[in-house]
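Open the model in your viewer and show the side chains. This short tour goes from ring to ring.

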Amino acid sequence: NAGVTQTPKFQVLKTGQSMTLQCAQDMNHEYMSWYRQDPGMGLRLIHYSVGAGITDQGEVPNGYNVSRSTTEDFPLRLLSAAPSQTSVYFCASSSWGANYEQYFGPGTRLTVT
Amino acid sequence: KQEVTQIPAALSVPEGENLVLNCSFTDSAIYNLQWFRQDPGKGLTSLLLIQSSQREQTSGRLNASLDKSSGRSTLYIAASQPGDSATYLCAVQSKETSGSRLTFGEGTQLTVNP
């Protein structure tokens, strides 16, 4: 199993540009989520999904869109990038419900200038 | 709202020392607490998951304890090695939020010196 994969690994955007961060998992997990990690603020939940066609907002959803058309894929879209979105983004997956271990991807380091 | 705090923020120890990392949380209504390891520039790796009904979990040189009533967990690392150098994060899965959501602390950056 490849586990959770993320592309790209690094990205530089100009303010106002849009892009999609890709996330895929091959473990047939129902639950997938996106976090951002910033110094002094830890990991914060952006959006999550409990299955294909079902998504919901996390703690910091503004400026981001998600969709879940398949079990395997959960892309994160930045509609109009802002410098405040400079961060490291992590995708995670697990079986849905309590007490399941979560698996994280390697992260995407995004810089918005 | 659940809040998770980790103390200290950074720790430097000589090789071979036993050490304890601390994690506290404000709402004791949790499903579980998880400890993760993060190496520089890498993703998170799950180390231990303690369910709310459990008091501790062990994996090799790692032992994690949970005192739900006081809102505290500790991660004990025995006979530390330079390869243990990393950031250690704790996270709780709270009953106030749906299913699998995690609330993270900011982490403890551990350096083990040869």
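## Rings to select

Start with A:Tyr48: this residue is buried, with a relative accessible area of 7%. Keep in mind that the model is predicted.

Next, look at A:Tyr31 and A:Tyr48 together. A search of the whole structure finds eight aromatic pairs over all chains, and these two rings form a tilted one. Their centres are 5.9 Å apart, with 35° between the planes. Colour by strand. A:Tyr31 belongs to strand β4 (residues 31-38) of chain A and A:Tyr48 to strand β5 (residues 42-51) of chain A, so the pair ties together parts that are 17 residues apart in sequence.

Stay in chain A and select A:Tyr35 and A:Phe104. They also make a tilted aromatic pair: 5.8 Å centre to centre, 40° between the planes. What does this pair tie together? A:Tyr35 lies in strand β4 and A:Phe104 in strand β10 (residues 103-104), both of chain A, so the link joins parts 69 residues apart in sequence. Both A:Tyr35 and A:Phe104 are buried.

A:Tyr35, A:Phe104, B:Phe36 and B:Phe104 form one aromatic cluster.

For the last stop, select A:Arg68 and A:Phe74. Here a charge meets a ring: the charged end of A:Arg68 sits over the ring of A:Phe74, 6.0 Å from the ring centre.

Note on methods. Residues are numbered from 1 along each chain as its sequence is written. Chains are lettered from A and ligands numbered from 1 in the order in which they are written. This is a predicted model: local features need pLDDT of at least 70, side-chain atom pairs count only at pLDDT 80 or more; totals for chains, interfaces and linings use all residues. Side-chain values use heavy atoms; hydrogens and water are left out. Rings of Phe, Tyr and Trp (its six-membered ring) pair if their centres lie within 6.5 Å; planes under 30 degrees apart count as stacked, over 60 as edge-to-face and the rest as tilted. Helices (H or I, at least four residues) and strands (E, at least two) are DSSP runs, numbered from the N terminus. Buried means under 20% relative accessible area, exposed over 50%, partly exposed in between (1.4 Å probe, protein chains only). A charge sits over a ring if NZ of Lys or CZ of Arg is within 6 Å of the ring centre and within 35 degrees of the ring normal.
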